[in-house]
Each structure stands twice: as structure tokens, then as C-alpha cells.
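The points below can be taken in order, with the sequence and the model open alongside.

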Amino acid sequence: MSRLLTLARSLLAPLLPQSNSNPPTPTIESYGQGESGIPIEEMQLIMEWLFASLLNAGYFGTAHIVWYNDAAPDPQLEKAVKDGIRRDEPTLLYRCGSQVQPPPNGYYWRLMAEHPSNRIYQLEVKDED
């Protein structure tokens, strides 16, 4: 489990309802954080926002976030995106540079204007015309 995911869970645990059984909580798989160039403190804030957004939307499954730096593209990130698609799980991208990763055929990156950075995108299926 990534250090960022563990940190997000520990920070948000007091906000979750407590019961005798473990309530479902979202899981966020994170990819490319080492090559992103984003400071850990900034990543932490983004992960907290994303975790809270998933809870607010009532989503308790696994989501994926790709930290994409177009100055240092990592071919493994494309596999991470395709894994999210294959599992039908929310897949997000944080744009660390000036461009987003090219989406797979039949998909596009939708800007999540809810986040003030204007750098978070959600992978969406293109409508068939």
C-alpha cells in the first residue's frame, strides 16, 4: 500500500462513522507519484480532496489516480489507466505538466472543475454519435 494512501486513510479515519465492523471505505491506487515532481504535501492535499469526494459521492470501491508529467512520461501509466477501465473503476489523472496523457481510444479526459487546481481529470467514455 502506498504511503500516500496510508496517510489519507489515517487522516480521514476520524471522519468516518465508527462501528464494530469495518465500514467500507474507498481505496485509491496511485501511480507515477515519484516521477510527478509534485511535493508530497501537495499530493497529500489532493489525495484528501479526492478521498472526500469519493465518500461524498457514496463510492466505496477502488479508484485510480495517475500523476502524469509530460516532461517525464512513463509508459507504465498507460497500463494503469487501462487497468482502471478493465475493472470499470474511476480513473483520474493529475496533470503535473502542460499536457494530459493521451486517453485510450473511445475515451477522453474530463476536467474536474470542482478542484481549484484545474489539473484533475476523470476518464470518461466518449458518446457515440
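1. Overall plan. Helices (H or I, at least four residues) and strands (E, at least two) are DSSP runs, numbered from the N terminus.

2. Basis of the values. The model is a predicted one, in which local features need pLDDT of at least 70 and side-chain atom pairs count only at pLDDT 80 or more, while totals for chains, interfaces and linings use all residues. Residues are numbered from 1 along each chain as its sequence is written, and side-chain values use heavy atoms, with hydrogens and water left out.

3. The chain as a whole. Of the 129 residues of the chain, 37% count as buried; buried means under 20% relative accessible area, exposed means over 50%, and partly exposed lies in between (1.4 Å probe, protein chains only). The accessible surface of the chain is about 7600 Å², and carbon and sulfur atoms hold 50% of that area, by the Shrake-Rupley method with a 1.4 Å probe, where for residues only the protein chains shown count as cover. Among contacts with a separation of 6 or more, 60% join residues 24 or more positions apart, a contact being heavy atoms within 4.5 Å.

4. The sheet. Five strands form an open sheet with mixed pairing, in the order β1-β2-β3-β5-β4; two strands pair if DSSP finds at least two bridges between them. The edge strands, each pairing on one side only, are β1 (27-31) and β4 (107-111). From one strand to the next the twist averages 30°.

5. Strand β3 and its partners. β3 pairs with β2 in the parallel sense over five bridges, and Tyr94 in β3 is the bridge partner of Trp67. With β5 (residues 120-125), strand β3 (residues 91-95) pairs in the antiparallel sense over three bridges, and there Leu92 stands opposite Gln122. Why is β3 described as largely enclosed by the rest of the structure? The reason is that five of the five residues of β3 are buried. Thr91, Leu93 and Arg95 point one way from the strand, whereas Leu92 and Tyr94 point the other way.

6. Helices across the sheet. Helix α2 lies across β1, β2 (62-68), β3 and β5, and runs at about 150° to β2. Helix α3 (residues 76-86) lies across β1, β2, β3, β4 and β5, and runs at about 160° to β2. For these angles, axes are lines fitted to C-alpha atoms, for helices over the stretch in contact, and angles run from 0 to 180 degrees between N-to-C directions.

7. Nonpolar cores. A nonpolar core is a set of buried Ala, Val, Leu, Ile, Met, Phe, Trp, Tyr and Cys residues joined through side-chain atoms within 4.5 Å. Of the 16 residues in the largest one, Ile28, Ile65, Trp67, Leu92 and Tyr94 touch the most other members. Two or more residues come from each of α2, β2 and β3, and α2 gives the largest share, six residues. A second, separate core of nine residues includes Leu77, Val81, Leu93 and Leu123. In soluble globular proteins, nonpolar side chains tend to be buried together.

8. Met47. This residue is placed in helix α2 (residues 40-56), and Met47 is buried, with a relative accessible area of 1%. Met47 and Ile28 are 19 residues apart in sequence and 8.3 Å apart in space, C-alpha to C-alpha.

9. The loop between β4 and β5. His115 is found in this loop and is buried, with a relative accessible area of 9%. Leaving aside neighbours within four places in sequence, His115 is in contact with Ile46, Trp49 and Ile120. Its side chain also joins that of Ser117 in a polar contact of 2.8 Å, that is, a pair of N or O atoms within 3.5 Å, where within protein one must be able to donate a hydrogen and the other to accept it, and residues adjacent in sequence count only if both atoms are side-chain atoms.

10. Most residues other than glycine have a negative phi. Asn118 has a positive phi near 55° and counts as partly exposed, at 37% relative accessibility.
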